[in-house]
Amino acid sequence: MLVTQNITEIRQARWADPASTWGLVPTMGALHAGHISLAERAVAENDKSCATIFVNPTQFAPTDDLDKYPRTLERDLEMLEQAGINMVFTPTPAVMYPDGFGTRVLVDGVTDRLEGEHRPGHFDGVTQVVSKLFNIVQPTRAYFGQKDAQQTVVLKKLVRDLNFNLDLIVCPTVREPDGLAMSSRNRYLSAEERQHATVLYQSLSQAAEMIENGERDAENIRQMIADKVKSTPHAELIYSSVASNLDLSELETISGNILISLAVLVGDTRLIDNFMIDGIEPM
Ligand code: AMP
């Protein structure tokens, strides 16, 4: 497995056999089974696959956890090699943003709600770094997790609007046995917070059950989620949303394909999760 910070080496390896298809799995490292599910899918569907590990400073706000973001490079590389990844791009910030760098990539509309509303500038950093990774690796397919649902909506728009020549593949959320979505940030949780962190999955499950049983008023779902989080120790709701999964606009009446999502502060740790439900019939 080639591991390099060097863009020229990545390009040379990528184009050594131009007929090969390539999968790309962008990550910020501190890998877990969720990341590895993306890597395994890329390996299964392409001749060769590249993972990237880069904690991208431009998608963090000054108040975010950039400095304390977990870094476990050696273990990450072992896990990627085990998954069958062929090369890993591990650039430094100076490689990605050398002196004089000054180009931004801004996606309109779907970036200004949910995560975008609460983390201004976050998606501008994401679209900037992902555009660079797409251009550096030029993959046939790129793999992203449903865990970051809004990111997949934003990146699909980016690929379409800027004609990136690749297929964007969205992979299901991998969860702990009690339902908590795997996340590099889960390791910040104390034992007690970890127990209460299941409130995200439990709220989403209850929302799905209410819809299954005929609930079509989106506000009732948002309120149920807010109440459930409020009654959970160490948990503070940042937002609860029932939105169209196309443009992420909030719904009044539930129908069609929807995204139920929430962000919760558990202790000092910001967690997000979502369920996508398709084909809901009017009652
Ligand atoms: P990150 O390192 O957090 O930037 O995540 C890298 C990629 O892994 C993103 O496409 C995430 O959506 C995806 N990912 C993170 N957690 C999970 C999970 N629990 N299940 C599936 N994919 C995930």
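This is a predicted model: local features need pLDDT of at least 70, side-chain atom pairs count only at pLDDT 80 or more; totals for chains, interfaces and linings use all residues.
Which ligand atom sits 2.6 Å from an N or O atom in the side chain of D148? An oxygen atom of the ligand does.

1. G145 places a backbone N or O atom 2.9 Å from an oxygen atom of the ligand. V174 also uses a backbone N or O atom, which lies 2.8 Å from a nitrogen atom of the ligand. Of the accessible area that the ligand has on its own, 490 Å², the protein covers 92%.

2. **Who makes up the shell.** The elements that contribute two or more residues to the shell around the ligand are β2, α2 and β5. Helix α2 gives the largest share, three residues. The ligand has 16 residues around it, and those that come nearest are M28, G145, D148, V174 and M182. By type, the shell divides into seven nonpolar, seven polar and two charged residues.

3. **Strand β2, one of the shell elements.** Take a look at residues 22-27, which form β2: six of its six residues are buried. In a regular strand, side chains alternate between the two faces of the sheet. Here W22, L24 and P26 point one way, while G23, V25 and T27 point the other way, and all of them are buried.

4. **Neighbours of β2.** With strand β3 (residues 48-53), β2 pairs in the parallel sense over six bridges. A handy landmark for this pairing is W22, which stands opposite K48 in β3. Strand β5 (residues 141-145) also runs parallel to β2, and two bridges join them. There, G23 stands opposite R141 of β5.

5. **The β-α-β unit.** To place helix α2 (residues 33-45), follow the chain from β2 through α2 to β3: together these elements make a right-handed β-α-β unit.

6. Finally, do visit strand β7 (residues 235-244), which is mostly covered, with seven of its ten residues buried. Its pairing with strand β8 (residues 256-266) is antiparallel and spans nine bridges. To find the pairing on screen, look for L237, which stands opposite V264 in β8.

Note on methods
Residues are numbered from 1 along each chain as its sequence is written. Side-chain values use heavy atoms; hydrogens and water are left out. Buried means under 20% relative accessible area, exposed over 50%, partly exposed in between (1.4 Å probe, protein chains only). Helices (H or I, at least four residues) and strands (E, at least two) are DSSP runs, numbered from the N terminus. Two strands pair if DSSP finds at least two bridges between them. A crossover is right-handed if, with the strands pointing away from the viewer, the path from the first strand over the helix to the second runs clockwise. A residue is near a molecule or strand if one of its heavy atoms lies within 4 Å of it. A polar contact is a pair of N or O atoms within 3.5 Å; within protein, one must be able to donate a hydrogen and the other to accept it, and residues adjacent in sequence count only if both atoms are side-chain atoms. Accessible areas come from the Shrake-Rupley method with a 1.4 Å probe; for residues, only the protein chains shown count as cover. Ala, Val, Leu, Ile, Met, Phe, Trp, Tyr, Cys and Pro count as nonpolar, Asp, Glu, Lys and Arg as charged, and the others, Gly among them, as polar.
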